[in-house]
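Please keep the sequence and the structure in view while reading.

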Amino acid sequence: MHDDETINPEASAIVRREGGIELVRIDPAGDDREELIAFMTGEVFPFHVGTRPTRKQVEDGIAAGRYRDEDNDSFWIDHVEHGRIGFFRLEEISDGAPLFDLRLASAWRRRGLAKGVLRTAAEHVFTTMPDVDRFEGQTREDNRAMRRVFEACGWVQEAYYRDGWPVEGAEPLGSVAYSILRRDWETGSVTPLRWS
């Protein structure tokens, strides 16, 4: 399904701003199709499972609804001064605890912009999805920059999956899972982990 009605009607075309960041909803099967394909195939994403998707992979993903259906919604990341700086996707929306895929264009990495993206995304999730109480993300163990972003934005590391992240042409690495709870987002506090 690629129908706009499958996504929360409160999810507007442009999502709130944090640190100059806007999330602009993508029409992956329509007006944004070629730009989405060009972005995904024109960049290298060293910390993603698929470091450089092919045109066919992106086209197949569009056809399968991986960029927009009842479980997925995609956005351009626009910055008020810099313009378009990347791509953001919410995944597994219907499970009640969405995950995300964040891809900044290489020119905009290592500039501190991911914090604003993550804060804007959390605001969007918790203000437009009333049944969602947790928002989740994962990254590779060696992606120190993203791990620092999670921590700076109040997300808590909840798991470390040994050899859980496939790496093309190399041994798998650990996958590190983080989340933020609605109540923590609302209060600015962090609910501590209870390890037993």
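## Charges over rings

A charge sits over a ring if NZ of Lys or CZ of Arg is within 6 Å of the ring centre and within 35 degrees of the ring normal. In this predicted model, Arg103 is placed over the face of Phe45, 4.8 Å from the ring centre. Arg89 is likewise found over the face of Tyr67, where the distance to the ring centre is 4.9 Å.

## Confidence of the model

The mean pLDDT of the protein is 91, and 91% of the residues reach at least 70. Confidence is highest in helix H1, at 98, and lowest in strand E1 (residues 14–18), where the mean is 64. Across residues 1–11 the pLDDT is below 50.

## One face of helix H1

Helix H1 spans residues 33–42, and its buried residues are Leu36, Ile37, Phe39 and Met40. Viewed down the axis of H1, these buried residues fall within an arc of 165 degrees, so they line one face of the helix. What do the buried residues of H1 pack against? Their partners are helix H2 (55–64) and the strands E3 (73–79), E4 (83–91) and E5 (99–104).

## Aromatic pairs

A pair of aromatic rings is described by the distance of the centres and the angle of the planes. The structure holds 11 aromatic pairs. In one of them, the rings of Phe39 and Phe45 have centres 5.8 Å apart and planes at 50 degrees, so this pair is tilted. Phe39 has a relative accessible area of 14% and is therefore buried; Phe45, at 2% relative accessibility, also counts as buried.

Phe100 and Trp155 form an edge-to-face pair, with 5.7 Å from centre to centre and 80 degrees between the planes. This pair links distant parts of the chain: Phe100 belongs to strand E5, while Trp155 lies in the loop between helix H4 (144–152) and strand E7 (156–167), and the two are 55 residues apart. Both Phe100 and Trp155 are buried. They also belong to a cluster, linked by ring pairs, that includes Phe88, Phe135, Phe150 and Tyr178.

Thr120 is part of helix H3 (residues 113–128). Is Thr120 buried or exposed? Thr120 counts as buried because its relative accessibility is 0%. A polar atom of the Thr120 side chain lies 2.7 Å from the backbone oxygen of Gly116.

Terms used. Residues are numbered from 1 along each chain as its sequence is written. Side-chain values use heavy atoms; hydrogens and water are left out. Helices (H or I, at least four residues) and strands (E, at least two) are DSSP runs, numbered from the N terminus. Buried means under 20% relative accessible area, exposed over 50%, partly exposed in between (1.4 Å probe, protein chains only). A polar contact is a pair of N or O atoms within 3.5 Å; within protein, one must be able to donate a hydrogen and the other to accept it, and residues adjacent in sequence count only if both atoms are side-chain atoms. The arc is that of the directions from the helix axis to the C-beta atoms. Contact means heavy atoms within 4.5 Å. pLDDT is the predictor's confidence in each residue, from 0 to 100. Rings of Phe, Tyr and Trp (its six-membered ring) pair if their centres lie within 6.5 Å; planes under 30 degrees apart count as stacked, over 60 as edge-to-face and the rest as tilted.
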